[in-house]
Amino acid sequence: MDQCLLIHLLLLMASNGLCQKEEVCSKSVINSCSDCIRSGPYCVWCQQLNFTKAGEQEAARCDTRAQLLERGCEVEEIISPENNINTVKNDPLTTSFDKQEPVQLSPQKIRLKLRPGLPSAFNVSFKRVQGYPVDLYYLMDLSYSMKDDLENVKELGQDLFKALKTITNYAKIGFGAFVDKTVLPYTNTNKEKLQKPCDENDQQCQAAFGYRHVLSMTSSQEEFKNKVREQFISGNLDSPEGSLDAMMQAAVCGEKIGWRNSSTRLIVLTTDAGFHMAGDGKLAGILEPNDEDCHMKDNLYAKSSEMDYPSVGQLAMQLEKNNIQPIFAVTQNVETVYKQLSKMIPKSEVGVLSSDSKNVVDLIKSAYNRLSSKVTVTHDNVPDNVRVVYTPICTDPGPSQHSEGICDKVPENKMISFEVTVTAFECMEDKSFTIRPLGIKDTLTVTLSTNCECECKTHNDKRESQHCKSEGSIKCGICSCKEGFVGQFCECSINEREERARRSSCQRQNGTECEGRGDCVCGRCKCHTTESGKSYHGDYCECDDEHCEKFQNKLCGGNGKCNCGKCECDPGFEGSACQCKVSTEGCLTLNNTVCYGRGSCKCNRCECNEGYQRPRCQTCLGCPDPCQTKMNCIECLGFNSGPFKKNCSVACSKNIYHRMVDKFTMSSKQCQQKDTEGCWIKFKLDQLVGEDNYEAEILNQRDCPEPPSVTAIIGGSIAGVALIGILLLLIIKFLIYMKDMKEFKKFENEKKKSKWAEADNPLFQNATTTVTNPTFTGE
């Protein structure tokens, strides 16, 4: 109760303006009070005489209430139609079921007269009647794999009725069975196999069939028991079964099944296999789509082999239309498949059967409790351009949604409410739609019309004559001139030809008169209509509302209004074509900022400043290296030197947050720059949020070079001169040596060329003396 009071308090605060959005009037073509009212929910009309200035268009009378009051319009002269809610039928909710038609939803009929674009809210109450009748249709898979399950179901009647008695005294049970279509490739079409599709050892086996209705709704436990005992197993070829075929016939053949008008209708589908759906029939050459009609003949689905399986959407629609809630009691191997199916079928539950179906009663009971305690309110046949939003008011509410409202864990005889907000976006007359809880027969019929006309006060004849120059009458503050007269005050005769001065006021920047889209009448542009029947507008007819940007082939994406070539988006949308929902989720950075402060979030994407890169504007590839651009600030902040030494706090402290360290802790790139004193400064920069904000770590120790040694310089200079002198002497000596070698070789060559005379010198005597032994005989 406290939570409900809190929700009501919040709604009251919102209605008093604490949560209201800024009022804006998006004007387009305004020629009358009715045009103004159609322009937007916050557009109002000022019918005050002489409110517009001479030459000013009457569209100035249309604006927000605050703007008109600021411009001098009296409160009593403002025309603004309001929403009206009239409850036509509101029977009280029923406490308990007493065989009469119970009332579980109130009110039952409401008439709304709404102003376009202005939301109107009303409350719908629901209370689940204690002991409300239950119709349970047990739909069983009789394929061969369910043989052991069938034996247990035959003994199920007593336990099932006993469980239903704890819920209501007015319970009925029916029974049906299904296998699959009796055509290839689903079933063996051999004549003998059609008659006995089971194994040869199985004597009790019935002929193949698609869907058979066995027992209509009955409150007799014995009748249920006898009928189920007559059933035998059958068979087919492939694994998926004709489950959807059977459910469709059970849903649409209401008279055959025996559904009661006032009851909770349940179909319990038990199977251990998947299901065929629309399109699978093509495998057997069945091309005719399912027509969602009843085709029962002698309790058999007569068109099983002629008509395709229904789609999941078709089945969901028929189940919802007939207020039937399915419970899928399936084995664990197909649990995932049926949970996915359950997501597409409103008010359905999935439970896991044991291998022999012994737990089916507990499964049905728990699934029914989950279904009945969850109240889902939705609508049918809502007119175009009408939005319906549900806000649950209960202990365990679901989120507010356009399509439905949900309250969970609702016990019997507990009243809950939903706030229903209806908004019409265009003018309409007496359109109806229904609001109802899923799975419940009760409905609320809402008849909707709109209030698009103005109820303006009339003026006396004398005042009309003076204001409209005796040539017209006043309607909502503006003159409606007699034939032959035009102008703001009917001051111009059509036959007058003093046009030149008047026509100049219809030209923008000495251009074409009324931009070629209208006629200059009495110094004011009277705009033509476009090809689609709308009008050009603006002081010079320069605007139209048909040439805005499109998204998905819809003008302004269907989420805004086209006004003078630009899209004016509905609340919650943005973009040049209103194509995006307002969100910054895609622009958030790791430090929870938007685009690091270096861009704006548009259409949930970062539009980065020049140089910065998407997706989050973190890096700038074309920007100067901050190691160089921030060097002067680093020098003055860290070592109080450099060009910014005198005004360091002004020039640098606002955009660089620095700290002196002995060792770097930041992971960014290291910078090394030489300062004005010739020392090397090492530092790291990390860019913060924004373009020119940095965090800096500066090493305490600079690398400064030692001053030069004078002695070493002088000694080095002398040694250098001496070395150069020695090298020069060596070079000269080498050159002289090379010259001498060249002359010597030349002399040798000349010597070889010389030739001497071969005659003997008569003056020459050989120095050798020959001595002979006189006694030597030669022996």
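The model is a predicted one, so to speak of local features a pLDDT of at least 70 is needed, side-chain atom pairs count only at pLDDT 80 or more, and totals for chains, interfaces and linings use all residues. Residues are numbered from 1 along each chain as its sequence is written, and side-chain values use heavy atoms, with hydrogens and water left out.

Back to α12: its buried residues are Val360, Val361, Leu363, Ile364, Ala367, Tyr368, Leu371, Ser372 and Ser373. Buried stands for under 20% relative accessible area, exposed for over 50%, and partly exposed for anything in between (1.4 Å probe, protein chains only).

Salt bridges come next, taken as a side-chain nitrogen of Lys or Arg within 4 Å of a carboxyl oxygen of Asp or Glu. The structure has 20 of them. One joins Lys339 to Glu335 at 3.0 Å, N to O. These two residues are four apart in helix α11 (residues 335-344), so about one helical turn separates them. Lys339 itself is partly exposed, at 41% relative accessible area.

Other bridges reach across the sequence. Asp380 and Arg436 meet at 2.9 Å, N to O, tying strand β16 (residues 375-380) to strand β20 (residues 431-437) across 56 residues. Asp380 is partly exposed at 21%, whereas Arg436 is buried at 7%. Both also belong to a salt-bridge network with Glu320. Glu695 and Arg659 pair up at 2.6 Å, N to O, with Glu695 in strand β39 (residues 694-699) and Arg659 in strand β36 (residues 656-661), 36 residues apart. Glu695 is partly exposed at 23% relative accessibility, as is Arg659 at 33%.

Finally, there is a negative surface patch, made up of Glu288, Asp291, Asp293 and Glu306. Patch residues have over 30% relative accessible area and no salt bridge, with like charges joined within 9 Å. Glu306 lies in the loop between β13 (300-301) and α10 (312-321), and is partly exposed, with a relative accessible area of 46%.

Methods. Patches are made of residues with over 30% relative accessible area and no salt bridge: like charges are joined within 9 Å, nonpolar side chains (Val, Leu, Ile, Met, Phe, Trp, Tyr) within 5 Å. Accessible areas come from the Shrake-Rupley method with a 1.4 Å probe; for residues, only the protein chains shown count as cover. Lys and Arg count as positive and Asp and Glu as negative; His and the chain ends are not counted. The place of a charge is taken as NZ of Lys, CZ of Arg, CG of Asp or CD of Glu.
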